[in-house]
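Dear colleague,

Please find the structure below, followed by a short account of what was found in it. I would be grateful if you would read the two side by side.

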Amino acid sequence: RERGKPVEELFASFDDAPLAAASLAQVHRARLHSGDEVVVKVQRENLRQLFDVDLFNIRLVASLADRLDPQTEALASNWRGVAETSGDVLYREIDFRIEQHAATEFRANFAKDKTIKVPAMYPELCTSRLLTMEYCPGKKITDTEALQREGFDADHLAKTLTTSYLEQICRHGFFHCDPHPGNLAVDDGFPGGRLIYYDFGMMERVEVEVKRGFVDLIFSIYQNMPREACDALETMGVLRKGVDRFSIERIARNMLGSFQSTLASADNKWENEMTPEEKRESRRNRRAQLGQDLFATQAERPFLFPPKFTFVFRAFSTIDGIGKTLTGPRYDLSRISQPYLRELADLRDGSALKSAALELGRRVGWRPQDVAQLVTQPRAVAGVAQTVRKLEEGDLKLRVRTLEVERMIERVELRQRFIGAGVASALLLHISLGATLHRLAARVVQVIAARVAWECWNAWLALKKLTVQQLRFENEDTVYDTM
């Protein structure tokens, strides 16, 4: 029906029994008249109507989540954005023409990589609801017994999976959103095993600016450059522009220093290698150094969560699980990623030689911006002198931010809301119970009293949350230390 021709005319043979089935489609094995073995993906009926209903409900829940999310970790919530992005991906997933083009691009991206296999598409046998592709059989990547029986190398497969996904994110900017075990298999096309990717309905792109920002972030992390790391986070859209970056840069400086010390000595442990007691002690030491800065970031919520990052984090958590299934506890996503990310940082300017030359110029002060600063230095000194003169004459006022005062004012405001709403609610309830009011009027007053009592409850919760945060960042024991 999709191609307007009978099955016998399109295929030499076609298995009526599905080879596999899922919520969106089922897959049948077939053979073309040319002799090529293929699989045919056939979409189920009425998916768009089902998606319309489901996504309406998801958007409603996401809007409520944006309102009710406590947002205690300096991160502004964007559940509605996540829901919209997920909806866009789902609607694209039921258009098999989009999947056909995505698979073709994905295959071209890995054309020179002998460790990755991507099925070829047959465009003449593809429609919006029908997809015909090369038949690529393999062993399921989590079937460890079958992989061992076939002689595949589990460590090689875990590393190939990890680096291939980093390649998609960092270099191609076009990545598979759903790399679960059902979409990954292994064959003998490469010594130790070749990785096969299936199902290209859920794909996303990383914008050029985000990709460039990520590369700059990796470079600044390895070079211990906290200010440049914050600039990279702004470029990626993770750090809100225009916020006070003093505290954020202090936090970044501490984190990068810890990262460098861990790299420098084999005796130091990554956090995922620590015992629960060591993790709690590490967090307490960090809060002892950065308590005020951490608390300062809470109110401004300077960090954003780009919706597309949902798919990235979900994919990496899935890959981490597959890696641990393949190699057990010795699988470490961060350690496998290190050589790749270091190479990526070295090649950020196109070649390792160019990156090294630019880094040398940065260290000795020979960059174009350094030369420009030297030329414009007299003008800058004159500007400083003019500013000092304005200070002396009283024409310029300084604005100082005092964190202790901010905490005190916030606490006082919350207490005033709590006490005022509580007293007003009790007074209204007392009035409504009086004998002089008509029954209808009494009910109206009781509704108003309930609304004011709700405001009192919210103020109490906010006051409690503020107290917990202050104790936490003053390094007192809280519920967070038991996690």
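What volume does the second largest pocket have? The model is a predicted one, and in it the volume of this pocket comes to about 820 Å³. Its lining is made up of 32 residues, and those closest to the centre are Ala-20, Val-27, Gly-182, Asn-183 and Tyr-198. At least two lining residues come from each of strand S2 (20-21), strand S3 (25-31), strand S4 (37-43), helix H3 (79-93), strand S6 (130-134), S7 and S9.

Strands S7 and S9 also belong to an open sheet of four strands, ordered S5-S10-S9-S7 with mixed pairing. Strand S5 (116-117) and strand S7 (139-140) are at the edges and have a single partner strand each, so one side of each has no neighbour in the sheet. S5 runs parallel to strand S10 (residues 194-197) and is joined to it by two bridges; Ile-116 stands opposite Leu-195 in S10. Across S5, strand S9 (184-187) and S10 lies helix H6 (residues 154-172), at about 50° to S10.

Beyond its neighbours within four places in sequence, Phe-106 is in contact with residues including Val-118, Phe-174, Tyr-197 and Met-203.

Yours sincerely

Key. Residues are numbered from 1 along each chain as its sequence is written. This is a predicted model: local features need pLDDT of at least 70, side-chain atom pairs count only at pLDDT 80 or more; totals for chains, interfaces and linings use all residues. Side-chain values use heavy atoms; hydrogens and water are left out. Contact means heavy atoms within 4.5 Å. Two strands pair if DSSP finds at least two bridges between them. Axes are lines fitted to C-alpha atoms, for helices over the stretch in contact, and angles run from 0 to 180 degrees between N-to-C directions. On a 1 Å grid over the protein atoms alone, a cavity is a set of points where a 1.4 Å probe fits but cannot get out, and a pocket is an open set with protein on both sides within 12 Å along at least five of seven lines; lining residues have an atom within 4 Å of a point. Grid points are joined across faces, edges and corners, and a volume is the space filled by probe spheres set on the points.
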